Every structure is written in structure tokens, then in C-alpha cells.
Amino acid sequence: MQTSSSVDYDYLRQLVFGLSQNVLDPSRDYLFETRLSKLLRNHGMTQLEELVQHLKLRKNSVLERSIAEAMTINETSFFRDGRPFELLRTDLLPKLIEARRPSRRLRFWSAACSTGQEAYSISILLLEHFPSLAGWNIRIEGTDICAEVVEKAQSGTYHRIEMNRGLPARSVVRYFDHVGEDWTVKPEIKKMCNFRQANLCANPLPFNRADDRFDVIFLRNVMLYFSQDTRKTLMAGIHKALAPDGILFLGSSEQPADPSIWTPVLAGGTCHFRPRQPS
Ligand SMILES: C[S@@+](CC[C@H](N)C(=O)[O-])C[C@H]1O[C@@H](n2cnc3c(N)ncnc32)[C@H](O)[C@@H]1O
């Protein structure tokens with residue numbers, strides 16, 4: 001793909017890194033042209049160099065944030081990489097439910113949730129396989145840095161093509177309402193989920209209350225965009241946000257930056273992580 005030699009891509013990469021900690025490789029500079037074309041149009045500009053000149057002349061935090069958000073990669077699907085969900089169903093959740101019987105509370109966090117399919121997959125899993133949870137206090141939090149995807153997650157509305165990725169036909173009819181070309185999650189699925197915009201690299205993390213820790217955190221397919229230092233800081237925060245007997249899922253190609261505070265557990269053809277407690 002072509003890039004323009006007159007554009008200060010270094011400036012754009014630094015801007016994105018400063019706001020979202022996403023490290024963009026110079027070999028992918030061409031992505032700025034495609035990802036920012038709508039934003040350019042909306043601001044009456046035609047060339048990337050105009051945008052860079054504009055930003056260099058006067059600070060515009062809103063525009064800078066929009067650029068960082070437009071450069072995020074939001075690829076996701078329902079029950080993505082199926083095995084973590086299968087392991088939760090067959091092994092991890094039955095044990096967790098037993099352990100939480102006294103409080104009747106369960107907390108899940110889909111960190112970097114993109115358009116919400118991960119959070120709704122958890123919700124469907126709970127409703128479909130764990131009827132004994134009726135009456136429990138259950139929260140599934142979804143957060144993402146990108147306002148546009150959070151808005152879509154909140155709407156719970158998906159196109160046929162998105163529905164065809166990962167959802168069994170039986171779940172489509174049972175848990176979604178058909179509206180034109182689109183499908184919307186039914187209220188009983190939606191009411192367990194709460195979505196909001198949050199930066200995982202901000203200090204403190206969006207959830208940091210010691211008395212309200214998560215039982216399960218999904219932090220999948222986002223750390224690959226971060227530097228090693230960012231991953232280390234984030235994983236230390238995630239460790240604090242997780243209950244001592246909680247469960248962490250990373251993407252299948254991701255590892256904790258600081259292995260000394262995590263115990264990897266291989267089960268069900270996947271790997272999850274338990275927080276190690278200081279001795
Ligand atoms: C590839 S998607 C992963 C979605 C989902 N976790 C999954 O595995 O299917 C990565 C998401 O991370 C989000 N993201 C990138 N940097 C972030 C940051 N600093 N804080 C929060 N979310 C971020 C992006 O907006 C994007 O939606």
C-alpha cells in the first residue's frame with residue numbers, strides 16, 4: 001500500500017501511542033490513510049498532511065482522541081476462540097458458583113470488549129447453562145477505549161454477518177430479536193451487561209475497588225498492541241482487580257508480562273491464569 005512522503009507519520013504514531021499506548025509499526029503507516037478518511041471528511045479536509053499541520057498548530061484533544069480511537073483494531077466475534085467458554089461451562093463456573101454460594105454474587109469483566117460480543121457471549125452462557133443463578137447478583141462489565149464500539153455494544157444490535165460468526169442458530173432465535181437485517185439481544189441478556197468507555201492504560205484502572213473484585217476477567221487480543229512496559233503495568237492492575245481465586249483469560253497468543261505473579265493452568269485445550277498471592 002502507498003503512503004505519502006509528505007505526511008509526518010512519526011507524529012501520528014506518537015499521538016496514538018500517547019493516548020492509547022497502541023504501538024503502530026511504521027510498515028503499517030498506510031493504515032492512517034484508510035482509517036482516518038472519514039474523520040478527514042468530517043473535518044472538511046482531504047489530505048492527511050492537512051490534519052497533521054492542523055494539530056501541530058493548535059492542540060485539539062477531542063480530535064486527537066478520535067484519531068487514536070479510529071486506529072484501534074476492533075475485530076471480535078461471539079464465543080471467539082470457543083475453548084475458554086467451553087471450559088467455563090464444564091469446569092470453572094460450576095466450581096466458582098459453589099464458592100460464591102454464600103454471597104450469590106458474580107462479577108465478570110470483558111476488558112477491551114470492542115462491540116460487545118464477548119460480554120454477551122458470557123451472558124448467553126450463564127442464561128443457557130446455569131439456571132440456578134436466577135436471583136443472583138450478576139454483573140458483566142464491558143469496557144473499551146473506542147467510543148464508537150462501546151456505543152454499538154450498548155445497542156446490542158448486530159448485522160446478519162456478525163451473527164453468523166460464532167453463534168449457533170439455536171442461540172440466535174432464543175436470545176435475539178430480529179429487526180430488519182439486524183438482530184438485537186433480548187432484554188434478559190442485555191440487563192446483565194454494562195458497557196462504558198475506558199482506557200486500560202489510564203491510572204487507575206476503571207475498576208480498582210478492593211471490595212468489588214472480579215471473578216473472571218477476559219483481557220483478550222488487546223495486549224498485543226501494547227509495549228512490554230505497558231503490559232507489565234496493566235497486568236499488575238488486573239492482578240489487583242481480580243479476586244484471589246479469580247480467573248483470567250488472555251488471547252491465545254498472549255502471555256502475562258510478569259509471569260511471577262500468575263499461575264498458568266492448562267485445561268480444556270486452552271490456558272487460563274490464576275493470580276498468585278504474595279507469601
Ligand atoms: C481486537 S479487539 C479485541 C476484542 C475482544 N476482547 C476479543 O478478543 O474479541 C481489541 C480492542 O482493544 C481496544 N483497545 C485498544 N487499546 C485500548 C486501550 N488502551 N484501552 C482499552 N481498550 C483498548 C480496541 O478499541 C479494540 O476494540
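Modeller: Happy to! A term to begin with: a residue is called buried under 20% relative accessible area, exposed over 50%, and partly exposed in between. Please keep in mind that this is a predicted model.

Let us start with R174, which has its place in helix 10, residues 169-175. Its relative accessibility is 42%, so R174 counts as partly exposed. Leaving aside residues up to four places away in sequence, R174 touches E128 and K186. With E128 there is also a polar contact between the two side chains, at 3.1 Å. For a sense of the spacing here, take V185: R174 and V185 are 11 residues apart in sequence, and their C-alpha atoms are 9.5 Å apart in space.

Now to the ligand. There are 22 residues around the ligand, and T76, R80, A112, D144 and N221 come nearest. T76 places a polar side-chain atom 2.6 Å from an oxygen atom of the ligand. In the side chain of N199, an N or O atom is 2.9 Å from a nitrogen atom of the ligand. R220 takes part through its backbone, where a polar atom is 3.0 Å from a ligand nitrogen. As for cover, the ligand on its own has 600 Å² of accessible area, and the protein covers 99% of that.

Key
Residues are numbered from 1 along each chain as its sequence is written. This is a predicted model: local features need pLDDT of at least 70, side-chain atom pairs count only at pLDDT 80 or more; totals for chains, interfaces and linings use all residues. Side-chain values use heavy atoms; hydrogens and water are left out. A residue is near a molecule or strand if one of its heavy atoms lies within 4 Å of it. A polar contact is a pair of N or O atoms within 3.5 Å; within protein, one must be able to donate a hydrogen and the other to accept it, and residues adjacent in sequence count only if both atoms are side-chain atoms. Accessible areas come from the Shrake-Rupley method with a 1.4 Å probe; for residues, only the protein chains shown count as cover. Helices (H or I, at least four residues) and strands (E, at least two) are DSSP runs, numbered from the N terminus. Buried means under 20% relative accessible area, exposed over 50%, partly exposed in between (1.4 Å probe, protein chains only). Contact means heavy atoms within 4.5 Å.
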